[in-house]
There are 2 protein chains.
Amino acid sequence: MLTYDPPVDDIVFLMKAFGYDRVSDLEAFENYDLETARMFLEEGGEFFSEEVLPTNREGDKEGIEWDPETKAVTTPDSFKDIWGQIAANGYLGLNTPTEYGGMEAPYTIGTMFSEFGTAANKSLSMCGGLSSGLTIALLENASEEQKETVIPKLANGEWGATMALTEPHCGTDLGMIRTKAEPVDDEDNAYRLSGNKIWITFGEHDLTDNIVHFVLAKLPDAPEGTDGISAFLVPKYLPDGTRNDVHCAGIDHKMGIHASPTCEMKYDGAKGWMVGEPHEGMKSMFVMMNEARLKVGVEGPALSEIAYQTALNWAKDRKQGKALDPDKRDPDAKADNILVHPDVRRMLADVKASTEGMRSLVAWTSIQMDLAHEHPDEEKRQEAEDLVSLLTPIIKAYCTKQGFENVSEALQVTGGSGYTKDLPIEQYLRDMRIAMIYEGTNHIQALDLVGRKLTKDDGRLYRTFQSRITELISECDGVEEMEEFIEPLKDASQELTDLTMKLGAKAADDREQAGAAASNYLHHFALTAIAYTWARQVKYAIDHDSDQLETKRKTARYFYEMILPERKALAKQVEAGKEPMMDFERSEF
Amino acid sequence: MLTYDPPVDDIVFLMKAFGYDRVSDLEAFENYDLETARMFLEEGGEFFSEEVLPTNREGDKEGIEWDPETKAVTTPDSFKDIWGQIAANGYLGLNTPTEYGGMEAPYTIGTMFSEFGTAANKSLSMCGGLSSGLTIALLENASEEQKETVIPKLANGEWGATMALTEPHCGTDLGMIRTKAEPVDDEDNAYRLSGNKIWITFGEHDLTDNIVHFVLAKLPDAPEGTDGISAFLVPKYLPDGTRNDVHCAGIDHKMGIHASPTCEMKYDGAKGWMVGEPHEGMKSMFVMMNEARLKVGVEGPALSEIAYQTALNWAKDRKQGKALDPDKRDPDAKADNILVHPDVRRMLADVKASTEGMRSLVAWTSIQMDLAHEHPDEEKRQEAEDLVSLLTPIIKAYCTKQGFENVSEALQVTGGSGYTKDLPIEQYLRDMRIAMIYEGTNHIQALDLVGRKLTKDDGRLYRTFQSRITELISECDGVEEMEEFIEPLKDASQELTDLTMKLGAKAADDREQAGAAASNYLHHFALTAIAYTWARQVKYAIDHDSDQLETKRKTARYFYEMILPERKALAKQVEAGKEPMMDFERSEF
């Protein structure tokens, strides 16, 4: 029943198709050529499918225990051992520089690899995700002493990390936080933090010796709003070994991710140290959030893939109904295998085409992340950075929404069995749903796209994106095999540009217009971007005579004929403007 | 946190708009004028929201217990008392003829009323739903003795009912069932049944003194396939009080509807009596199924409504972020209420417009059900029957799919809170998901629509449907206020007719074409049908100077501008044909 064959071949294909050679050619990554990457992915994939996957349902069933006396949080039995193995394999420090005890692999490998951990045990993978997120934030903003103290401990799994942003009265709107940080009189650089945080993932647990909280708080003289937020490192145990005044005051009972503790944290004068400059905490937090947003986006293809494989495996055995085409009927059987039925194939192909499409968008973006950090040419770095900035909110929002729909569709393939705990799909569906909410709700991503990314530097980010489509179109000029994709790609991309310009014009005078259209606009953008990545996959397969060509072409066709047409509805919805929703009086809802 | 204001006003508005007067004018329903109906709905709504709703979350938490020793099934503590109250109020026999102890109300009232029970406690409502479903099947097919023995006991709640169709190897494909029924030698009309059934809702429980199973089985001489299926009544306790050999061999552990026992049933020579003629069991079962399919469709608006109200209630309190329009900002507050944000309104309006739209489709169809049964004019009966036949699979499939999406969207409004058990929405989402599967999966509904209903009597059912649209269009001729709806309604309906003809032509030679397009075609049909019911609502409100006119018009506009455009994508998907999914080799999935 537990089925998971890590999609290493597809990932390697995508890394090739989107130019991983430009990453492995960089000096920083000379030890990570494609063959090394493949071996690493294969070995890791095997570990996650064989060792980690069996702990997933146990985690769902056992859940988390919180002791009101000691405030301790207990994770499922098998987690401690498996956490140790994950750490021992070096997976927590995959992208961490070697000088801080990591493997210094490209982000591309880290991001693509994160699919396995999420598919195998989403709850547990969230703990590791926080370690790598905090590492990135510290690398960019912390003092050398902070880096040396914290990062190696995160990389070897001795310490865990948290992101402590949300408070009971504010999540989306962080400007309103009330947690206070006051300088400690007789000690340099130390602060005492007081306040309450909620929704703190792995805020307390028994997997690591220590936990270092990355906390947003306000200094006594802080200005109003987000410009007055500072960031602090607050360890559970202080350097001298004493317990700090940060405790878990309770845990949430959730629809899914039962084995991921969601904690209410109380800081009662807990000691902490500032990261970066006063009032500039959001800068560090955004580094962590952007990395986290991309990884949360990966939850979409991750759970889509494992749900797809589970459903496919089930479908291959199930016989029900006669084939509609008499030639496909088994004359000796009372019923044919359900894979003969067009609608079963439709559901599976929906999930397959969308999953590989999302994965390709992630692959393309991850490669840009490495280029943005390491490319020697500043212009190339900027272009890559533009794409990462633009595509991150799209990946986070689209992949989590589509991932939820995909898992639900995979469940539908298995009928009543999928609704029971006999199959793991219902857990995947419950686990998936949160991803549309956390790390900034999907609408917050849409506002980020429309309000910040599109408007930045006179629309340069969008132009960079469009130039990639134009390049591909001209590369395909005269390639007959590509026509079936290039023509609709031109249409979709022209439509997106039209919508972008119309929306920009409307929103300039009226920000409500941007808010009303943002979510549907983002969805249209995602479909167009994935149409581009599908065309690139096929083009690559043609050019390199890939043995995946035929299947990739059919899957791309499915995307173009059955999924991309959703844009027709989205374009209408964007064009409808704000009136359909804003015309209601409050009392009319 | 538990919010539910039964939508009596909207139901009464819809009953008026879709011509309930034609039902209450019928001789059979002279005691059920609109005012009586309203009073009944108000009283019942109050009962369900105040008495039944509080048992819902207890049911989710406690679930069902099965004792492997005694094979007994225990329902949550509070259910027994509330079941007694439901029965005492007469709700179980709402549509049952008075001669069998019922209230003999029109189906319209029964169907619209069922929304309250489902919203308040979906698990428990399933038990009552089986009673009314079996009653209908028996009224049409059972002997007078069977009717007199069973129906009054179902109406007064002393007995429960089941539908026992599915077996481990077949659900969708009932022709393969293996349960055997052999005549008892020394007794007239009695049979002994042997076999296993699965997914039997309320197959065993402690709410009633007896349970009467409606079981599909095959006689020794039965032909192959569905033409060899007979139907039997198999009571848990025999008329002489002895225990019959039917037992619950286990229960399923499910994603939701935790308080609805889903039983595996074993018949070890259990005594039963045939209903109707040998080998004609599917006839009786289809009566029960069609009634059940309409009621399952109602689960969509039911859970959408309660989730909507829960989200709206939450949104009215929540402050987060500043209004995008500076004029709407509260200058004294750090954040504005989230109802100022366009995307929050978009999500709420989505759910509202879709919920009222689905409810209106149910209201229209329910009224046709009464006319089909009771109208003195045969032609009118036939027309009404045509609409019921055509719209039942659409209501079942569309409303359950859309209902699931609506509950998920309502959850999104409440953010992280909705993902926890602090709010009841996550339960509604889990409870809703099964409706896309049971009573015939949604694709089975689509095949019923495309394969049976469209082709029946040379397409007369579709023509009857289209004639209603044409009538409305001509009624609106020259009514300026209606133009904004009539023009797009014309387009949608013309597009649906085109799709219907194209699909018919393609599917005539190739049934796989029908299978491939059916689900998306059904969805398009549903949107067009609801566009029609929305236009009728507005027209009614204009003609009767209704005080709901302004809100109904805005909600209809939202449907036309933001939901109906989905048809653009669906039309493309239908036109894409079978190739996108059938071209894959089996090994390519």
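Visitor: At what angle do α10(A) and α17(A) pack, and how far apart are their axes?
Guide: In this predicted model, α10(A) and α17(A) pack at about 85°, and their axes are 9 Å apart. Axes are lines fitted to C-alpha atoms, for helices over the stretch in contact, and the angle between N-to-C directions can run from 0 to 180 degrees. Helices are DSSP runs of H or I with at least four residues, strands are runs of E with at least two, and both are numbered from the N terminus.

Visitor: What makes α10(A) roughly perpendicular to α17(A)?
Guide: The definition sets roughly parallel under 35 degrees, roughly antiparallel over 145, roughly perpendicular at 65 to 115, and oblique for the rest. The angle of about 85° therefore makes α10(A) roughly perpendicular to α17(A).

Visitor: Which residues of α10(A) and α17(A) meet?
Guide: A:Gly357, A:Met358, A:Ser360, A:Leu361 and A:Trp364 of α10(A) meet A:Ala529, A:Ile530, A:Thr533, A:Trp534 and A:Gln537 of α17(A). Contact requires C-beta atoms, placed from the backbone, within 7 Å. By class there are 6 nonpolar, 4 polar and no charged residues. Nonpolar covers Ala, Val, Leu, Ile, Met, Phe, Trp, Tyr, Cys and Pro, charged covers Asp, Glu, Lys and Arg, and the others, Gly among them, are polar.

Visitor: How are the residues, chains and ligands labelled, and what is required of a predicted model?
Guide: Residues are numbered from 1 along each chain as its sequence is written, while chains are lettered from A and ligands numbered from 1 in the order in which they are written. Because the model is predicted, local features need pLDDT of at least 70 and side-chain atom pairs count only at pLDDT 80 or more, whereas totals for chains, interfaces and linings use all residues.

Visitor: Why are α10(B) and α18(B) called roughly perpendicular?
Guide: Helix α10 (residues 342-374) and helix α18 (residues 549-563) of chain B pack at about 105°, with axes 9 Å apart. By the cut-offs for angles, α10(B) and α18(B) are therefore roughly perpendicular to each other. Their contact divides into 6 nonpolar, 3 polar and 3 charged residues.

Visitor: Is B:Asp458 buried or exposed?
Guide: A residue is buried with 20 or more other C-beta atoms within 10 Å of its own, exposed with 12 or fewer, and partly exposed in between, with C-beta atoms placed from the backbone. B:Asp458 has 8, so B:Asp458 is exposed. B:Asp458 lies in the loop between α14 (442-453) and α15 (460-475) of chain B, and its phi is positive, about 55°, although B:Asp458 is not a glycine.

Visitor: What makes B:Glu104 partly exposed?
Guide: B:Glu104 has 17 other C-beta atoms within 10 Å, so B:Glu104 is partly exposed.

Notes: Contact = placed C-beta atoms within 7 Å.
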